[in-house]
Amino acid sequence: MNRPIVLSAAAALLIAGAVAAHSTKPVRQAPTAPVNPVVDAGTRAAARDSDIVLFERRLVEDPASAADRSRLATLYLRRARETGNFVDVERATREARQSLRLREGHNQATYGILASALLAQHDFVGALAAARALAADAPESAANQSLLGEVLLELGQYDQAATVFTLAEREPATLGTAPRLARWYELTGRMDRARAMARYALRLSAARDDLTPEQHAWYLMRTGDLEAKHGAASVADSLYQAGLVVNPDDYRLLSARARLAASQGRWRDVVSLGESAISTQLEPGTLGLLREAWLALGDSAQAESYAHAMTASALTQPGPIHRAWGLHLVDHGERLDEVLSRVRREQRTREDVYGYDLEAWTLHAMGRDAEAWRAAERAVSQQTEDALLWYHAGVIAAATQRDQLARDYLGRALQLNPSFSVRGVAHAKALLSGLPAAASSGKSG
Amino acid sequence: MSRMRSLVVGLALTCAAAQPLLAHPLHTAMAELRLATDGTLTLKVRAFSDDFSAAVSRATRSPVLSDYRVDDEAVLRYVSSTLTVEVQGRAIPLVLSSQRRDGDVTWLELRAVGVTSLKGATVRNGLLMEMHADQVNIVKAQYDGRSFTTLFSRADSPKQLP
């Protein structure tokens with residue numbers, strides 16, 4: 001911790017270059033000359049905090065300053081990203097709202113801050129209103145359009161998202177648009193374009209000397225996540241490790257490495273990485289990974305303590321269930337009624353493919369396969385190249401005697417990522433081998 | 001954690017905002033035990049300052065000072081009553097060696113001497129549990145060349161280190 005980041009920027013560049021070199025598609029050239037100041041993480045955090053104190057004090061003296069409230073909201077959001085402190089997200093929301101109450105004119109960018117803060121709180125409807133206000137103010141702005149598109153993706157409004165991303169896509173990609181475009185491509189079955197766009201964003205970020213280590217690390221993580229989904233585990237892990245050089249102890253990267261290790265059955269590594277991650281930020285998905293790892297390692301007491309922790313914390317909270325934790329519960333046949341109830345409640349306002357996937361998988365675990373199939377069809381409706389979605393849909397297709405579709409979907413899952421999950425891969429292969437030959441298939445779907 | 005300068009603020013509008021932050025607020029406080037070969041036991045505690053100062057104030061009837069600071073003696077009383085380390089059935093007496101703020105976070109460092117081993121010791125991290133029903137705390141223990149992490153929620157009894 002607290003090491004200079006000169007090496008880290010170099011590492012980011014090296015990785016960015018390495019990934020670009022392995023690219024199957026040309027990406028636009030990005031400038032390459034990152035120069036980061038030699039400032040250690042502790043100094044940077046202290047400076048950030050002193051800025052927060054500065055703006056808090058200024059607002060005591062002049063509470064009607066919309067600009068200062070907006071800047072303070074931005075700083076709170078930054079700290080939330082860097083520390084995982086949820087209270088800072090709430091503070092950012094409050095300051096952004098107050099700033100907009102004070103002044104809307106020449107303050108539209110604050111809608112972007114508000115949208116980001118509301119997204120972080122899973123208030124997708126509120127985020128949509130803020131993003132729409134921002135986009136309406138400057139419809140020609142690709143960054144504004146892509147923020148709106150990002151929110152629409154979260155809400156599962158894919159047609160509307162396509163409309164705004166098509167507009168955003170006409171402009172040269174920037175750091176403000178490239179990650180969101182990558183997400184759109186990822187969710188709509190264009191993984192190669194998503195990976196190329198993520199690499200491009202990574203190169204853009206590596207060339208910037210005004211980003212924080214946390215920001216550099218995030219671009220590395222996103223690129224790694226797409227490589228992991230593509231089945232390129234070693235490339236993904238290299239990107240994650242480069243991110244940890246840039247931003248040591250980054251809990252998101254540690255969790256990402258733990259996920260990758262879990263997909264390969266490296267359970268000791270899952271424990272080591274996951275425990276390091278939760279030392280900074282207790283995150284439901286990582287707790288699920290740790291429970292899985294301890295079960296695989298035969299330590300039921302440790303596994304139970306992680307399950308117990310989740311019961312005591314995340315599951316007692318109102319609002320949407322954490323998707324990864326929901327899937328974890330379903331995989332263990334636990335709290336199925338509760339998971340279903342919560343995911344369906346969320347679907348009243350949010351109809352994204354991952355919500356349908358969780359609904360489908362839960363219904364399947366409950367033996368309600370006919371209903372599960374309807375949800376599974378919607379989960380794969382965007383052709384999202386995520387092996388887990390196709391695996392779930394394939395299992396449900398098999399359970400409903402849609403043998404040809406089961407073969408197609410399970411085969412697609414294995415083709416997309418041959419190591420998406422230790423248990424899932426084994427199950428998919430077993431199901432495939434047990435399905436009747438194509439000629440004698442059942443329902444076609 | 002409990003929900004746990006550059007003035008380049010315009011930057012966030014363009015690129016930082018492109019990084020989705022999807023948070024699930026979990027209340028947690030972290031304690032890290034480290035036993036050195038000379039028998040010095042160091043306990044580092046991390047908690048969010050607002051929650052922590054409120055908890056200390058409530059438990060010890062001491063005032064919260066400016067900037068969420070609380071008196072060292074009150075801190076020690078509170079921590080000693082909620083975070084316990086017992087070796088062979090005997091509570092290890094800890095001494096507060098430092099209390100510092102890092103942004104929203106308070107870091108404490110406590111020490112004890114003459115601890116021969118943590119193997120078989122029992123620990124419980126009940127910090128802030130009286131504040132939040134959903135509090136989940138972490139204890140990370142490093143001793144004898146190994147590392148062991150365990151979690152605590154309200155209903156949990158002390159746990160034995162392997």
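1. Two strands count as paired if DSSP finds at least two bridges between them. That rule applies to strand 1 (residues 30-35) and strand 2 (residues 41-48) of chain B, which pair in the antiparallel sense over six bridges. Take B:Glu32 as an example: its bridge partner in strand 2 of chain B is B:Lys44. Keep in mind throughout that this is a predicted model.

2. Confidence comes next. The predictor gives the complex an ipTM of 0.80 and a pTM of 0.85. For chain B the mean pLDDT is 85, and 85% of its residues reach 70 or more.

3. Now the layout of chain B. It has three helices and ten strands. Read from the N terminus, the elements run α-β-β-α-α-β-β-β-β-β-β-β-β. Chain B has 162 residues, and buried ones make up 44% of them.

4. In what order do the strands of the six-stranded open sheet of chain B stand? The order is 5-6-2-1-8-9, and the pairing is mixed. Strand 5 (95-102) and strand 9 (146-152) of chain B are the edge strands, each pairing on one side only. Neighbouring strands of this sheet are turned by 15° against each other on average, direction ignored. Helix 2 (residues 49-60) of chain B packs on the sheet. This helix touches strand 2, strand 5 and strand 6 (105-112) of chain B. Its direction makes about 105° with that of strand 2 of chain B.

5. At the strand 9 end of that order sits a hairpin. Strand 8 (residues 137-143) and strand 9 of chain B pair in the antiparallel sense over seven bridges. Within that pairing, B:Ala141 has B:Phe148 as its bridge partner in strand 9 of chain B. The hairpin has two residues between the strands, and B:Asp144 takes a positive phi near 50° there.

6. Chain B also has an open sheet of four strands, in the order 4-3-7-10, with antiparallel pairing. B:Thr122 has B:Gln160 as its bridge partner in strand 10 of chain B.

7. Turn to chain A and its helix 6 (124-137). Do the numbers on its length agree or disagree? At 1.5 Å a residue, its 14 residues should span 20 Å, and the end C-alpha atoms are 20 Å apart, which agrees. The buried residues of helix 6 of chain A are A:Phe124, A:Ala127, A:Leu128, A:Ala130, A:Ala131, A:Leu134 and A:Ala135. An α-helix has 3.6 residues a turn, so residues three or four places apart point the same way. What covers the buried residues of helix 6 includes helix 5 and helix 7 (142-155) of chain A.

8. Two loop residues in chain A deserve a look. Most residues other than glycine have a negative phi. A:His122, not a glycine, has a positive phi of about 65°. A:His122 lies in the loop between helix 5 (109-120) and helix 6 of chain A. A:His122 counts as partly exposed because it has 18 C-beta neighbours inside 10 Å. A:Arg335 is not a glycine either, and has a positive phi of about 50°. Its place is the loop between helix 17 (323-331) and helix 18 (336-346) of chain A. A:Arg335 is partly exposed, with 18 other C-beta atoms within 10 Å.

9. A:Ala428 has 26, so it is buried. Beyond four places in sequence, its contacts are A:Tyr391, A:Gly394, A:Leu410, A:Ala413 and A:Leu414. The C-alpha atoms of A:Ala428 and A:Arg407 are separated by 9.3 Å, with the two residues 21 apart along the chain.

10. Last, the largest nonpolar core. It holds 181 residues, of which A:Ala115 and A:Met197 touch the most other members. Leaving out residues up to four places away in sequence, A:Met197 touches A:Ala173, A:Ala178, A:Leu181, A:Ala182 and A:Tyr185.

How values were computed:
Residues numbered from 1 in each chain as written. Chains lettered and ligands numbered in written order. Predicted model: local features only at pLDDT ≥ 70, side-chain atom pairs only at ≥ 80, totals over all residues. Buried ≥ 20, exposed ≤ 12 C-beta atoms within 10 Å, placed from the backbone. Core = buried A, V, L, I, M, F, W, Y, C linked by C-beta atoms within 7 Å. Contact = placed C-beta atoms within 7 Å. Axes fitted to C-alpha atoms, helices over the stretch in contact; angles between N-to-C directions. pLDDT = per-residue confidence, 0-100. Expected span 1.5 Å × (residues − 1).
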